[in-house]
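Subject: A structure for you to look at

Dear colleague,

I am handing over the structure below, together with some notes on what was found in it. Please keep it open beside you while you read.

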Amino acid sequence: MKKTIKDIDLAGKRALVRVDYNVPVDEVTGKITDDSRIRETLPTLQYMLDAGASLVLMAHFGRPKGKVVESMRLKPIASHLQDLMKRDVQYATEAVGLEAEALAQNLGPGQILVLENTRFYPGEETNDPLFAAALAAPGYDVYVNDAFGAAHRAHASTAGVAQIIKAEGKPCVAGLLMARELEFLGQLLQNPQRPFVAILGGVKVSDKIGVIRNLLPKVDTLLVGGAMGYAFERAQNRPVGTSYFKEEDAPIAAELIELARENGYDFRLPSDFLVADRDAVDATTKIVPAGGIPDDMMGMDIGPETIANYSSVIENAKTVLWNGPMGRFEVAPFSRGTLQVAKAVARATDKGALTIIGGGDSAAAVKQMDLDDKMSHVSTGGGASLEFLEGQELPGVAVLNNKVS
Ligand code: ADP
Ligand code: MG
């Protein structure tokens, strides 16, 4: 267990706080299209301000690749935060340097400063000790990480500067959002209530192999859907037609089938698919059994038999992890599998199960279907949640102080 902001004294302290404000923006207007990442940090910020701290916030935005990109400045994000907090939020046009340092040092209790995009500096992603030292230069009493979504990266703002502040004997702790992520995801890996069912889908097969490998021995049933299913079809020498499929994923899939067979794991693959002649709302579709994807058609969703089978497994679970949509849900005729699985997970929650959604597109899917409130927890970290579920310790978490038990 990691220490959190609730475990330390914050009165009169100057805190350096890493947040995840990498929000989606409209390409044309530059307006924030979904501010949930900002809103999710408000309880942490409010708690700290109420406790008498002054806050210096660090965040990255977009991929400026170590250079200043005008459209990726944090100014609009700082002003949005100001609106949400209903209090003055200062903004520094740099993350390091004399001006930022002076602004940070002049903050009084209850005041907030947002530093410029950390990724404007090449030293952020390389975790350059000089850049980390520059971030630490104003002198901080506390380091807080509330950016779970960035915790799998050993960057200067998530790891290097924390090491420096820690070496000065100052507390390095989790924010409330980070603590919630660790608590929920941690429950999946430690003593989950059974039956424990994991549902894996989406397109990023190679990214999710590590998760499947780590979870297979821990779960009672693992259900596969989405484009991932075609790698398993091909692994069994079955046709995949024009489905989304990468040849290099087939041997990995074959290895997992073998691993499940050798150990007798309950590892389920779709028994039928919805296929389409093309990826469009007005496509011609039909249902085919596994092994029967026609050469000129693409798999777009799991079929009705698979939906029924998966739904009954999910509804009887006491713990559910879901990562990756069951089909190309963004296009209406291909959304049924994802919607029905989401509903089954929601019913499991109603029956008292712990239900956790990981993955950016899966989170978007349950939001789009208005079922996000029906899940115990929707993780804010895509890549971070996957690495956590692979059993890896995230660098941004490892550096935080442990609770003494
Ligand atoms: P997550 O972000 O939840 O981890 P991924 O990024 O791995 O999930 O995959 C999400 C994407 O997978 C979605 O955009 C969805 O359209 C796509 N997808 C799922 N099934 C299929 C399919 N059968 N064919 C094409 N794309 C699919
Ligand atoms: Mg994704």
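In which loop is Arg 153 found? Arg 153 sits in the loop between strand S5 (142–145) and helix H7 (156–167), where helices (H or I, at least four residues) and strands (E, at least two) are DSSP runs, numbered from the N terminus.

Before going further, please note that this is a predicted model, in which local features need pLDDT of at least 70 and side-chain atom pairs count only at pLDDT 80 or more, while totals for chains, interfaces and linings use all residues. Residues are numbered from 1 along each chain as its sequence is written, chains are lettered from A and ligands numbered from 1 in the order in which they are written, and side-chain values use heavy atoms, with hydrogens and water left out.

**The positive patch and the backbone**

Arg 153 belongs to a positive surface patch, which Arg 63, Lys 65, Lys 67 and Arg 153 form together. Patches are made of residues with over 30% relative accessible area and no salt bridge, with like charges joined within 9 Å and nonpolar side chains (Val, Leu, Ile, Met, Phe, Trp, Tyr) within 5 Å. Arg 153 has a relative accessible area of 38% and is therefore partly exposed, given that buried means under 20%, exposed over 50% and partly exposed in between (1.4 Å probe, protein chains only). Lys 65 counts as exposed because its relative accessibility is 67%.

Lys 65 also has a positive phi of about 55°, although it is not a glycine, and its place is in the loop between strand S2 (54–58) and helix H3 (75–85). Lys 86, again not a glycine, has a positive phi of about 50° and is found in the loop between H3 and strand S3 (89–91). Another backbone feature is the cis peptide bond that joins Arg 194 and Pro 195, with omega about 0°.

**Aromatic pairs**

A search of the whole structure finds three aromatic pairs; rings of Phe, Tyr and Trp (its six-membered ring) pair if their centres lie within 6.5 Å, and planes under 30 degrees apart count as stacked, over 60 as edge-to-face and the rest as tilted. One of them is the stacked pair of Tyr 121 and Phe 131, at 5.0 Å centre to centre with 20° between the planes, and both of these residues are buried. Tyr 230 and Phe 273 form a tilted pair, at 5.4 Å centre to centre and with 50° between the planes. Tyr 230 lies in helix H10 (residues 228–235) and Phe 273 in strand S10 (residues 272–276), so this pair ties together parts that are 43 residues apart in sequence.

**Salt bridges**

How many salt bridges does the structure hold? The structure holds 22 salt bridges, each being a side-chain nitrogen of Lys or Arg within 4 Å of a carboxyl oxygen of Asp or Glu. Among them is the one between Asp 279 and Arg 328, whose closest N and O atoms are 2.6 Å apart. This pair links distant parts of the chain, 49 residues apart, with Asp 279 in the loop between S10 and strand S11 (285–289) and Arg 328 in the loop between strand S13 (319–323) and helix H13 (336–350). In another, Glu 70 pairs with Arg 73 at 2.9 Å between the closest N and O atoms, and Glu 70, Arg 73 and Glu 116 are linked in a network of salt bridges.

Notes: Areas by Shrake-Rupley, 256 points an atom, 1.4 Å probe, with all protein chains shown as cover. Lys, Arg positive; Asp, Glu negative; His and termini not counted. Charge placed at Lys NZ, Arg CZ, Asp CG, Glu CD.
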